[in-house]
Amino acid sequence: MSSFSNYYVSLLKLCCESQNQTQSKKLHCLILKTITHPETSLLNNLISTYSKLGNLEYAHCMFDHIPQSNLFSWNAILSIYSKLGRLSQMQQIFDLMPFRDGASWNLAISGYANYGSSIDIVGVYKLMLKDAAMNLNQITFSTMLILCSNCRWMDLGRQIHGQILKFGFGSYVFAGSPLLDMYAKLGLIFDAKGYYDEMPERNVVMCNTMIIGLMWRGMVEESKRLFHGLKERDSISWKTMISGLMQNGMEREAVDMFRDDIGRIHHGSVYIWKRLDCLWESFGLGRRETNSCLCNKN
């Protein structure tokens, strides 16, 4: 892009950040007055700006007047229909696209995931497998695994797991948490544990998901072994263990772990009081009882 175009793109980004529609329209007029033949990339940024500002009319008008639209142009207009839940228009745009990439397919899947039916999502996914398998990526698989988890679709979930392995994504960390969550919610905790043990690399999100799954199934000792073996823990790790212990009737151990948690940070921190509120509200402990547990270990 020219230096002029780059300058305008920077200003368009500022309009998006400030959610300023008035300034974006003024800038649009300035672009038309100062550049006789705006580059496609600059016009695409205008579509994207109007899309992010929720102005469907202007975004589509820009799309209709691009002399040489490209894939980014199509994806930009597809995105706004997907995000606004205009599914029939989204599908029309999708069907008219002369070519598609992974982002195009994921936008269609995302639109149906947020506003449509589960059957629609599966239909788009199967079409993608048939016509554009090379565009499958982590967003596609993560969305589909979450769908299977929420809808309790065991067979489809197993199929998608197989496709993740088939297309070479099996060792990728991104697939770990959705897969573990799906198996745990479907009651297949040993499948989840087997997959977890086979992963060459694990992040703290995967570990937390595995702990949650084990706690759901009442496998408290296994959860504790996993937690204490973690090289890295975050606030979710501690919260998961404390909640799990409470839910499994081990209130004293939960409060002891809570004390260990807040012992890692400075006294008086807002974080501590947020955790106390969580303990009181989530598990019905009175403030006097909780304070007593924290102050008297024996």
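**Questions on a helical chain**

Author: S79 is found in helix α5; helices (H or I, at least four residues) and strands (E, at least two) are DSSP runs, numbered from the N terminus. This is a predicted model, in which local features need pLDDT of at least 70 and side-chain atom pairs count only at pLDDT 80 or more, while totals for chains, interfaces and linings use all residues. Residues are numbered from 1 along each chain as its sequence is written, and side-chain values use heavy atoms, with hydrogens and water left out.

Reader: Is S79 buried or exposed?

Author: Buried means under 20% relative accessible area, exposed means over 50%, and partly exposed is in between, with a 1.4 Å probe and protein chains only. The relative accessible area of S79 is 10%, so S79 is buried.

Reader: Which residues does S79 touch, not counting residues up to four places away in sequence?

Author: Contact means heavy atoms within 4.5 Å. With residues up to four places away in sequence not counted, S79 touches S51 and L107.

Reader: How many helices and strands does the secondary structure of the chain come to?

Author: The chain has 298 residues, and 47% of them count as buried. Among its contacts between residues at least 6 apart in sequence, 55% join residues at least 24 apart. The secondary structure comes to 18 helices and 0 strands.

Reader: Which helices do the buried residues of α7 pack against?

Author: Helix α7 covers residues 102-115 and reaches 20 Å from its first C-alpha to its last. That is close to the 20 Å expected at 1.5 Å a residue, where the expected span is 1.5 Å times one less than the number of residues. Its buried residues include W105, L107 and Y112. The buried residues of α7 pack against α5 (71-84), α6 (87-96), α8 (118-131) and α9 (138-151).

Reader: Which residue caps the N-terminal end of α7?

Author: Look for a side-chain oxygen at 3.1 Å from the backbone nitrogen of A103.

Reader: Where does H28 lie, and which side chain does a polar contact of 2.9 Å join to it?

Author: H28 is in helix α2 (residues 21-34), and its relative accessible area of 12% makes it buried. A polar contact is a pair of N or O atoms within 3.5 Å; within protein, one must be able to donate a hydrogen and the other to accept it, and residues adjacent in sequence count only if both atoms are side-chain atoms. Leaving aside neighbours within four places in sequence, H28 is in contact with L46, Y50 and M62. The side chain joined to that of H28 by the polar contact of 2.9 Å is Y50.

Reader: What separates the C-alpha atoms of L46 and V9?

Author: L46 lies in helix α3 (residues 40-52) and is buried, with a relative accessible area of 1%. Not counting residues up to four places away in sequence, L46 touches L12, H28, I31 and M62. L46 and V9 are 37 residues apart along the chain, and their C-alpha atoms are separated by 8.3 Å.

Reader: What is the angle between the planes of F63 and W74?

Author: Rings of Phe, Tyr and Trp (its six-membered ring) pair if their centres lie within 6.5 Å; planes under 30 degrees apart count as stacked, over 60 as edge-to-face and the rest as tilted. By this rule the count comes to 6 aromatic pairs. F63 and W74 form one that is edge-to-face, with 5.0 Å centre to centre and an angle between the planes of 75 degrees.

Reader: Where do F63 and W74 lie?

Author: Both F63 and W74 are buried. They are 11 residues apart, with F63 in helix α4 (residues 56-64) and W74 in helix α5.
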